[in-house]
Amino acid sequence: MARLFIFLSGAIALAAVGGGCASISTGTSQAISVDSSPTEADCTLTREGQLLGTIKTPGPVTVKRDSRTIHIVCTKEGYEEGKVVLNSRLESATMGNLLVGGAIGLMVDSASGASNKYDAQVTVPLVPRAGAQATTPLPDAVPANSTVAPVAAPVTPNAATEAPVVSPSVTPVSGQSRSRL
Amino acid sequence: MAAIALLAGCALTEDKVPLDYVSEVTTPTVSPRADEVTLTLSAQDNRAQYRDRVSNKKNGYGMEMARIVSTNDVVDLVRGSVERELKAQGFRIGSGGVAIMVELQNFYNNFQVGLVTGTAVADVSFGLKVRDASGALLYSRNYSGSERIDNIMLMTGDNAKAALQKALAYAVKQVADDAALRQALLATRARNSRGA
């Protein structure tokens with residue numbers, strides 16, 4: 001009985017110490033190297049409408065690991081707006097919990113977000129503006145949580161809103177988006 | 001036979017699901033004289049990830065297992081969904097009209113593993129670009145819809161389908177609700193009449 005108690009205590013202690021393999025080995029944040037083609041574009045990273053960071057490409061952005069998608073929007077003078085969406089994947093270090101950590105480790109990794117990872121490198125392709133009107137600069141894209149959207153409209157807190165880009169002859173009147181997350 | 005029957009729900013077997021557009025637009029805003037504007041919609045796949053699937057089955061540890069694929073082309077599904085809503089607003093659909101390019105950026109359901117149950121989290125994102133006959137950009141905007149279905153027991157195609165269809169409906173509803181887009185499309189009528 002005493003041996004069983006010692007064994008169980010040891011197992012629980014080991015799980016607690018080793019709990020969250022990915023949290024310990026890879027951390028709860030990661031860097032995403034954002035590039036664009038061509039470079040020198042201004043990029044904004046958002047997750048469910050929340051701004052994660054802005055950068056001029058190429059360069060890294062450190063983000064907290066999470067299971068939710070990241071939306072990257074890049075703008076550059078003379079080019080149309082480019083966008084890439086990154087889905088999270090499973091962090092392979094989480095599998096270490098199969099050896100050490102067990103269910104406790106999985107819970108720790110899941111709660112901290114460490115069980116997720118994004119692609120470490122992403123390139124956003126930009127297409128040159130074409131046509132006669134393309135020579136007229138269009139308004140820059142506005143981050144989702146910005147207060148300077150063309151015309152304010154009710155926006156849900158988690159909405160992944162992106163301001164429209166309109167030619168000078170058209171007045172944007174809506175910036176509504178919807179999400180249930 | 002018994003083994004095959006048991007393996008039907010296996011995480012290692014690919015799941016194929018038909019995806020549909022179920023509109024959430026109850027009363028479309030019909031624009032006056034919209035029938036004088038002809039739209040030509042096309043679509044392209046700009047997804048950076050998971051072009052060959054719409055989701056992945058996962059096991060209890062969150063490891064990706066077999067693919068979940070759509071039996072129909074999701075790029076065409078999104079294009080058709082946008083087309084349907086614009087047609088409901090009174091615009092004519094046909095060749096040689098104002099060019100609308102639908103650029104699909106994401107169409108994916110990511111299952112999240114919980115302690116007892118899981119969650120289906122779908123994201124459908126696409127951009128829409130309106131160009132005139134010369135190719136000049138008249139209007140551009142990104143639309144994104146997300147849906148989350150909690151307390152699911154199986155990370156399979158049916159649950160992915162439910163989340164994806166909702167996410168698609170939300171994203172397309174933004175197009176239907178986009179007054180600036182309607183205005184930009186109607187403005188092409190004035191330009192054409194001036195040009196004539």
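This is a predicted model: local features need pLDDT of at least 70, side-chain atom pairs count only at pLDDT 80 or more; totals for chains, interfaces and linings use all residues.
**Entry 1: chain A overall**

I began by listing the secondary structure of chain A and found 3 helices and 10 strands. Along the sequence, the elements run α-α-β-β-β-β-β-β-β-α-β-β-β. Next I looked up burial: of the 181 residues in chain A, 44% are buried. I also checked how far apart the contacting residues are in sequence. Taking contacts in chain A between residues at least 6 apart, 65% of them join residues at least 24 apart.

**Entry 2: a hairpin in chain A**

I then turned to strands E2 (residues 42–47) and E3 (residues 50–56) of chain A, which pair in the antiparallel sense over 6 bridges. For Asp42(A), I noted Lys56(A) in E3(A) as the bridge partner. The two strands E2(A) and E3(A) make a hairpin, with 2 residues between them. In that turn, I found a positive phi of about 55 degrees at Glu48(A).

**Entry 3: Ser25(A)**

I picked Ser25(A), which sits in helix H2 (residues 21–25) of chain A. How many C-beta neighbours does Ser25(A) have inside 10 Å? I read off 14, so Ser25(A) counts as partly exposed; a buried residue would need 20 or more. Setting aside neighbours within four places in sequence, I see Ser25(A) in contact with Ala93(A) and Gly96(A). I also looked up the separation from Ile104(A): 79 residues in sequence, and 16 Å in space from C-alpha to C-alpha.

**Entry 4: the nonpolar cores**

Which residues have the most contacts inside the largest nonpolar core? They are Val78(B) and Leu164(B), in a core of 50 residues. Several elements of chain B supply at least two residues each, among them strand E2 (38–45), helix H2 (74–88), strand E6 (98–113) and helix H4 (179–195). H3(B) gives the most to this core, with 11 residues. Around Leu164(B), leaving out residues up to four places away in sequence, I listed Leu19(B), Val54(B), Phe107(B), Asn109(B), Ala122(B) and Val124(B) as touching. Apart from this core lies another of 17 residues, including Ile32(A), Val84(A), Val85(A) and Tyr118(A).

**Entry 5: helix H3 of chain B**

I went back to H3(B), residues 157–177, to check its length. At 1.5 Å a residue, its 21 residues should span 30 Å, and I find the end C-alpha atoms 30 Å apart, which agrees.

Technical notes: Residues are numbered from 1 along each chain as its sequence is written. Chains are lettered from A and ligands numbered from 1 in the order in which they are written. Helices (H or I, at least four residues) and strands (E, at least two) are DSSP runs, numbered from the N terminus. The expected span of a helix is 1.5 Å times one less than its number of residues. Two strands pair if DSSP finds at least two bridges between them. A residue is buried if 20 or more other C-beta atoms lie within 10 Å of its own, exposed if 12 or fewer, and partly exposed in between; C-beta atoms are placed from the backbone. Two residues are in contact if their C-beta atoms, placed from the backbone, lie within 7 Å. A nonpolar core is a set of buried Ala, Val, Leu, Ile, Met, Phe, Trp, Tyr and Cys residues joined through C-beta atoms within 7 Å.
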